[in-house]
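Thanks for coming. I will walk through one structure, starting with a sheet and ending with the chain as a whole. Please look at it as I talk.

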Amino acid sequence: MSKIDHSLFSANQHALEKEYEVCPQCGSELVIRNSKSGPFLGCASYPKCDFIRPLAQHDTQQIKVLDDSPCPECGNPLVVKNGRYGMFIGCTGYPECHYIVHDEKEPDAEVLPACPKCKKGQLVARSNKFGKTFYSCDSYPSCKYTLNFKPIEHTCPECQWPVMMQKQMTNSVVLQCPQKSCSHKITVSE
């Protein structure tokens, strides 16, 4: 412990602070401020000067132009870029063409039943902000029908609801009616 130089560690300074950076509007010192969105640089003479700037600059940088890959929308070559959310491939004619290559896997061509509530839309698989899959009607604003488990086109013998949910249990698969008033279960052997 005696080999540590304690002068390097100062509790009154933030590790990301830059010494004596000046405000471009008024010439005062820029200091690190905190908000509910996180830290940012702001002017030290705040009420008089309202200059703020994010700590990290997220400029998109071009890394390599892919001359052999034309953009399917405009024909310009594609480019590998490093942006705010990491690396991606986009079009070199950016302001005019907004094409970005998405390497998301195509969902399986699984046919889900029609929406039993509105009888106009189709049930589709969606993901919430935590990545968990749920199923809802594709005519969303007008129909807000959702299920947390995979819908199966099977009429409930108790209430005659046209859709049941498939739940995977430890030893078997259970079909359960999604209606709260019914909740009838059918055990299906695997």
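**The sheet**

Three strands, in the order S4-S5-S6, form an open sheet with antiparallel pairing. Two strands count as paired if DSSP finds at least two bridges between them. Strands are DSSP runs of E with at least two residues, helices are runs of H or I with at least four, and both are numbered from the N terminus.

Strand S4 (61–70) and strand S6 (86–91) are at the edges with a single partner strand each, so one side of each has no neighbour in the sheet. From one strand to the next, the twist averages 25 degrees. For such angles, axes are lines fitted to C-alpha atoms, for helices over the stretch in contact, and the angle between N-to-C directions runs from 0 to 180 degrees.

Before going on, a word on what this is. This is a predicted model, in which local features need pLDDT of at least 70 and side-chain atom pairs count only at pLDDT 80 or more, while totals for chains, interfaces and linings use all residues. Residues are numbered from 1 along each chain as its sequence is written, and side-chain values use heavy atoms, with hydrogens and water left out.

Back to the sheet. Strand S5 (residues 77–83) is joined to S6 by six bridges, and the two run antiparallel. S5 and S6 make a hairpin, with two residues between them. Across this pair, Leu78 is opposite Cys91 in S6, and Val80 is opposite Ile89 in S6.

**The cores**

Next, the nonpolar cores. A nonpolar core here is a set of buried Ala, Val, Leu, Ile, Met, Phe, Trp, Tyr and Cys residues joined through side-chain atoms within 4.5 Å. Buried means under 20% relative accessible area, exposed means over 50%, and partly exposed is in between, with a 1.4 Å probe and protein chains only.

Which residues have the most contacts inside the largest core? They are Cys115, Leu123, Tyr145, Leu147 and Trp161, in a core of 15 residues. Strand S8 (133–137) and strand S11 (163–168) are the elements that give two or more residues to this core. S11 gives the most, with three residues.

Take Tyr145 as an example, with contact meaning heavy atoms within 4.5 Å. Beyond its neighbours within four places in sequence, Tyr145 touches several residues, including Cys115, Leu123, Tyr135, Cys137, Trp161 and Pro178. There is also a second, separate core of five residues, among them Cys23, Cys43, Cys49 and Phe51.

**The cysteines**

How many disulfides does a search of the whole structure find? It finds zero. A disulfide is a pair of cysteine sulfur atoms within 2.5 Å. The sulfur of Cys26 has its closest cysteine sulfur in Cys43, at 3.4 Å, which is too far for a bond. Cys26 is partly exposed, at 40% relative accessibility. Cys182 is in no disulfide either, as the nearest cysteine sulfur, in Cys156, is 3.6 Å away. Cys182 is partly exposed, at 21% relative accessibility.

Lys119 is not a glycine, yet has a positive phi of about 60 degrees. Lys119 is in the loop between S6 and strand S7 (123–127). With a relative accessible area of 66%, Lys119 is exposed.

Ser183 also has a positive phi, near 55 degrees, and is a residue other than glycine. Ser183 lies in the loop between strand S12 (173–176) and strand S13 (185–188). At 33% relative accessibility, Ser183 is partly exposed.

Is Lys167, in contrast, buried or exposed? Lys167 counts as buried, at 17% relative accessibility, and is part of strand S11. Its side chain makes a polar contact with the side chain of Gln176, at 2.7 Å. A polar contact is a pair of N or O atoms within 3.5 Å; within protein, one must be able to donate a hydrogen and the other to accept it, and residues adjacent in sequence count only if both atoms are side-chain atoms. Leaving aside neighbours within four places in sequence, Lys167 is in contact with Phe149, Ser172, Val173, Val174 and Gln176.

**The whole chain**

To finish, the overall figures. The protein has 13 strands and zero helices. Of its 190 residues, 24% count as buried. Among contacts with a separation of 6 or more, 16% are between residues 24 or more positions apart.
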